[in-house]
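I am opening a notebook on a structure that is new to me, and I want to write down what I look up as I go.

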Amino acid sequence: MNSFLFLKNNYFIFMKRDKTMKKITLFIIIVLFGFSFKIYSQLLKANENTTTSVAVKPEVSNSPILINSQIIKAFFKKYVNLQEYQSKVSVLYENRKFNSIWFDSDCKLLSQASQLYSKTNSLDEEAVDACMDYQDLIDGIFNANVNKLQLSYNESEILLSCLYVYYVQNVYDDFDRIQLQKMGWFLQGKDLDYNDFLEALLENPKVLDVAEKYQFSQYYKLRSALKKYREIEKNGAWNTITFDSTLQHYKPYDSCSTISQIRHRLYIMGDLEKDSKSGLYDHELMNAVLRYKKRYGYYANYFITPEQIKQLNLPVEDYIKKIKLNMERCRWVDPELDKAEEYIMVNIPAFKLNYVKKGQRVLESNVVVGQDLMQTVIFSGCVKTIVFSPYWYAPQSIIDSEIKSGMSRDKNYLESRDMEWNGGNVRQRPGPKNSMGLVKFLFPNSNDIYLHDTPSKALFDLDYRAYSHGCINLQKSRELAHTILKDNPDWPADCIDWAMNRKEESYCELQNEIPIHLAYFTAWVDEYDVLHFYDDLYGRDTQLAQLKFPKEDLLVKN
């Protein structure tokens, strides 16, 4: 009996323990299932935010948005029209250890992303005629109502990086170097670092407004001028000036309706502070005419010719195109070009040389440049040597085309021009008749171009001054020599003048080389914020317009 009770009690204890174990086991199963479900949900959510279902090896990243090289590759496979940006986008993420660029830790867009989007939608202000592919998807990132198709976070992220590369490429980067050289442009170019620019943008979104570290400073001056001329176009006040083409010119104190129309045009362009609407060619208009002529490179006098009125009557759209083309040229220039301690710049269409020291123009001079068949080349170099009382060594082309035929007509041809044979070549002896004048400035280059004086002084009084064989004839050659050597104790002023006139060649090697840039700008804003326009001397505006604005009418040559 006792044995039976013992077994019965143990049975109930065992059954009770068994029920307890079943409950514990069931509880453990439920907990494990819930934990597994949570992990599975998180993995599923992560997969929904990727552009590929292929398993990938994770790369170093602290970003809440999953980015890696395989995801980037899959993105560009899906969005094929953006593949030209793939290499630059990949480098951006590699440099940032595949962290998000455009979203914060809460997956909210940074202000820099909105700034980039806004600037890209205003590319016309940057003189850029282009359109980004997949614009509807980009719009959808910033406005969910624009597009019902919701992009994943990493698709949005990479798409914004494409937008960044697209914007910087169009606004800040220069043209293909090989293409530029085919166009005859050898001026000092830029090497833009997309990652460096991105860091600057992330640090300060306003860098997209003005970034002179990355953009030639002239660009921003022309951008302001573009805005002004578009306002002129919008206001519709650019009326045609009617004139009598039989008149040789209009002069001070003439009075007619044409004078009032010219006055109005100069007021619109900023050469007059106010428009009195008077038809009398008075002192106020005289000053405005001088200002206008200086801006257009004309000889400074008070006469207004029919040719100049025709130039004033060009459509305002032509001026806008000219500004845009020169903004494009600014993109090709190293931003450091005009930040040097000193430099010389020759603007070929302006027929002008400027010598700048410590940010201040210390000398301006008229120049004569190469004629159309012997165009002055666009490039950068360094002035290393000044040659006083130089010989002129005639190029073989001139010997063949001019000197030999002259000798056949006149046996004294060489002697009458102070020329002589020298080792099978022809050279002209130093002196006032020498084609180099009294001084020349050497900056070694493969085109044998240099600055030099000239005995043909009358050429500097002409509006059109493209008559040389490619070199640059300088009106103020003596002044340039004096300015360059001003602080050189070995070359006092009287010594410079003596060397220039002694009729014996001598050399001065500069202690510090001076950068020199032979440039081609048909629109330029000077240090006083005055906009200048120049004729397209070698037809390069037309060439560039065909490339940049193929759908628009070609520019009319001024």
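Which side chain of opposite charge is nearest to Asp-536, and how many Å away is it? Keeping in mind that I am reading a predicted model, I looked this up and found Arg-329 at 5.2 Å.

I then asked where Asp-536 sits, and placed it in the loop between strand 15 (531-533) and helix 18 (540-548). Its side chain makes a polar contact of 2.7 Å with the side chain of Tyr-520, and it also reaches the backbone nitrogen of Asp-541 at 2.9 Å.

Next I turned to helix 8 (residues 194-203), where 7 of the 10 residues are buried, so this helix is largely enclosed by the rest of the structure. The buried residues that I noted there are Tyr-194, Asn-195, Phe-197, Leu-198, Ala-200, Leu-201 and Leu-202. Looking for what covers them, I found that helix 3 (86-95), helix 4 (111-120) and helix 6 are included. At the start of helix 8, I saw that a side-chain oxygen of Asp-193 comes to within 2.9 Å of the backbone nitrogen of Asn-195.

Last, I looked up the largest nonpolar core, which has 160 residues, and the members that touch the most others are Trp-102, Tyr-164, Tyr-172, Tyr-229, Phe-388, Phe-441 and Ile-484. Helix 6 (residues 153-171) gives this core its largest share, 11 residues, and I noted again that helix 6 is among the elements covering the buried residues of helix 8.

Note on methods. Residues numbered from 1 in each chain as written. Predicted model: local features only at pLDDT ≥ 70, side-chain atom pairs only at ≥ 80, totals over all residues. Heavy atoms only, no water. Core = buried A, V, L, I, M, F, W, Y, C linked by side-chain atoms within 4.5 Å. Buried < 20%, exposed > 50% of the residue type's maximum accessible area, 1.4 Å probe, protein only. Helix = DSSP H or I, 4+ residues; strand = E, 2+ residues; numbered from the N terminus. Contact = heavy atoms within 4.5 Å. Polar contact = N/O pair within 3.5 Å; in protein donor to acceptor, adjacent residues only side chain to side chain. Lys, Arg positive; Asp, Glu negative; His and termini not counted. Salt bridge = Lys/Arg side-chain N within 4 Å of Asp/Glu carboxyl O.
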